[in-house]
Amino acid sequence: MRISTLFYVFRQGVRNIFRNKWFSLASVATMSICLFLFGLFFAVIVNFQNIVKAAQEGVSIVVFFDYGIEDSRIAEIGDLLDAREEVSDFVYVSPEEAWDGFKGDYLGDSGLELTENPLADSANYQVYMSDVSKQAELVEFLESVDGIRSVMRSELVASTLTGFNSLVAYVSMGIIILLLVVSVFLISNTITVGISVRKEEIGIMKYVGATDFFVRSPFVIEGILIGFVGALIPLVLVYYVYHAVIDYITIKFSVLSGLLAFMPVEELFKSLVPVCVIMGVGIGFLGSFITVRKHLRV
Amino acid sequence: MKDNAARSRGKKKTVNSKEVIVFDNVVKAYSTGAPALNGISLTINRGEFVFIVGDSGSGKSTLIKLLLKELNPTEGTIIVNGQNLNKLRRRKVPKYRRNIGVVFQDFRLLKDRNVYENVAFAQRIVQTPMREMRKNVPSTLSLVGLADKYKARPMQLSGGEQQRVALARALVNHPPIILADEPTGNLDPKNSWEIMKLFEEINEQGTTVVVVTHNKEIVDAMQKRVIALKKGVIVSDEKEGGYVDEN
């Protein structure tokens, strides 16, 4: 294949977009609407997961040591925790820190008068988990470790968060699949209508002796470009809509600011941009490839 | 029919170098009705000018579709330029078609491209280098008398001019065969004659020309070989014949 032929095929693909501007506009609009809805939903899901994850990370289990335990054993237990995958972080709380914390939380200024530490045996590790669903497993492990007196945890919070996370994952997967099916249907319909009009053109090319590749390539390039533009437009829209919505919620519902851990737009777009572009280009490619194939048997 | 098929498969058709189109006992039947072509055998030699005439339903269109490998024969063998079309694989069809310049009644030009692009399209398909294309396209347009209209779109041209563009597209790659399906069907008498004169000139340069037509006046006047079809059968084949009036 000559390079000039490749250039020609590419140029024809670009020209086709302008020659059939109404079809191109309809395709870009359909693709944009589908991917815009997808982008919005993607943002909502990712934020839900982010909020749930932040809540999960706030759930800790507290590990109390045996009375009179050696510092070296506490350090060894620390090493054991460090080796566990489901542990995201753990903090050593000394009896003094525990007492200071208690005084600050419950006694206020009256606590200043107390000089003896009633929490002398309350040194502990506060353990934070990356995956709360594995809480029971971790607790079982810790209870079997020498030097640990007791493990405090909240099973209700852990199971609620785990359940909520699974629910969000299932619902989001269902809606994304539904959106994808609708998108592919709408886009392939638009392409079918567009290409039916050009069936005669494809027939002429075939009679003159054009190969399937030569006939199909401009259509495929056209599909890819339409898919690409159809992905960029909703990305720009989602960017501004996302900003606006987050600003609105943060201002109007400032009370919930501690609970709502929104994902920064840059972080969201790190995954949304490739997903949308791959979807746009992929649907454009497949849609045109499959639809042209129907008309190639001349 | 099964016997015929077996016979045509068993007997290997030999083709001499002069023969460019050979139909050997060709039958084409559709799913319903009588066969469109029923046992056609004909040979067209290199450099011949042949008219194929016949009423609607005589099988002319089917014959053209078979020649373009748009359809496959139900029975019999078709050999074009030494290639057995029965054995030609689908992916080889584009290359085969490049050896046949086709001209249709309805011109079949790419409406969104100008005259130059329509003719150049045939050259692009065979991957002619750009430098050669820039020489070949204008010279072919000059041959059909349209050198000054290379920028015009098909819709800006008369019927006769559009047919010349189609002819230029068919000629530009110098195919050994030109196949024309009712090329004067949409033209007035003056344009019809001009197109036929062009076909004659091309034929004089050695190209085999096959014209399917209804135009009695032209067939009678040109005194070329005339093959007449009726209900899928050849009813006459005359070397310097006239239009066969079937009524």
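A salt bridge is a side-chain nitrogen of Lys or Arg within 4 Å of a carboxyl oxygen of Asp or Glu. In this predicted model, B:D112 and A:R19 form such a pair, their closest N and O atoms lying 3.6 Å apart. The rule finds two salt bridges across the interface of chain A and chain B.

**The interface of chains A and B**

The size of an interface is often given as the accessible area lost when the parts come together. Here chain A and chain B bury about 2300 Å² between them, with 54% of that area on carbon and sulfur atoms. Of the area that chain A buries against chain B, 30% is supplied by A:I204, A:Y207 and A:V208, more than by any other three residues. The contact draws on 23 residues from chain A and 22 residues from chain B. Eight residue pairs are in polar contact between the two chains, counting pairs with both residues at pLDDT 80 or more.

On the side of chain A that touches chain B, the elements giving two or more residues are α1 (3-19), α7 (199-208) and α8 (212-252). With seven residues, α7(A) gives the most to that side. The composition of the side of chain A that touches chain B is set out by class below.

| Class | Residues on the side of chain A that touches chain B |
|---|---|
| Nonpolar | 10 residues |
| Polar | five residues |

**Helix α7 of chain A**

Why is α7(A) largely enclosed by the rest of the structure? Eight of its 10 residues are buried, so the helix is largely enclosed. The buried residues of α7(A) are A:E201, A:I202, A:G203, A:I204, A:M205, A:K206, A:Y207 and A:V208. After α7(A) comes A:G209, which has a positive phi near 110°.

**Nonpolar cores**

The largest nonpolar core comprises 58 residues, and those with the most contacts inside it are B:F49, B:F51, B:F121, B:L167, B:M196 and B:F199. Helix α4 of chain B (residues 115-125) provides the largest share of this core, seven residues. A second, separate core has 31 residues, including B:V20, B:L37, B:L66 and B:L68.

Which residues are in contact with B:F49, leaving aside its neighbours within four places in sequence? They are B:M196, B:F199, B:E200, B:N203, B:V209, B:V211, B:M222, B:K224 and B:R225. Two of these partners, B:M196 and B:F199, are listed with B:F49 among the residues with the most contacts inside the largest nonpolar core.

Definitions and conventions: Residues are numbered from 1 along each chain as its sequence is written. Chains are lettered from A and ligands numbered from 1 in the order in which they are written. This is a predicted model: local features need pLDDT of at least 70, side-chain atom pairs count only at pLDDT 80 or more; totals for chains, interfaces and linings use all residues. Side-chain values use heavy atoms; hydrogens and water are left out. Contact means heavy atoms within 4.5 Å. Buried area is the accessible area (1.4 Å probe) that two parts lose on being put together, summed over both. A polar contact is a pair of N or O atoms within 3.5 Å; within protein, one must be able to donate a hydrogen and the other to accept it, and residues adjacent in sequence count only if both atoms are side-chain atoms. Helices (H or I, at least four residues) and strands (E, at least two) are DSSP runs, numbered from the N terminus. Ala, Val, Leu, Ile, Met, Phe, Trp, Tyr, Cys and Pro count as nonpolar, Asp, Glu, Lys and Arg as charged, and the others, Gly among them, as polar. Buried means under 20% relative accessible area, exposed over 50%, partly exposed in between (1.4 Å probe, protein chains only). A nonpolar core is a set of buried Ala, Val, Leu, Ile, Met, Phe, Trp, Tyr and Cys residues joined through side-chain atoms within 4.5 Å.
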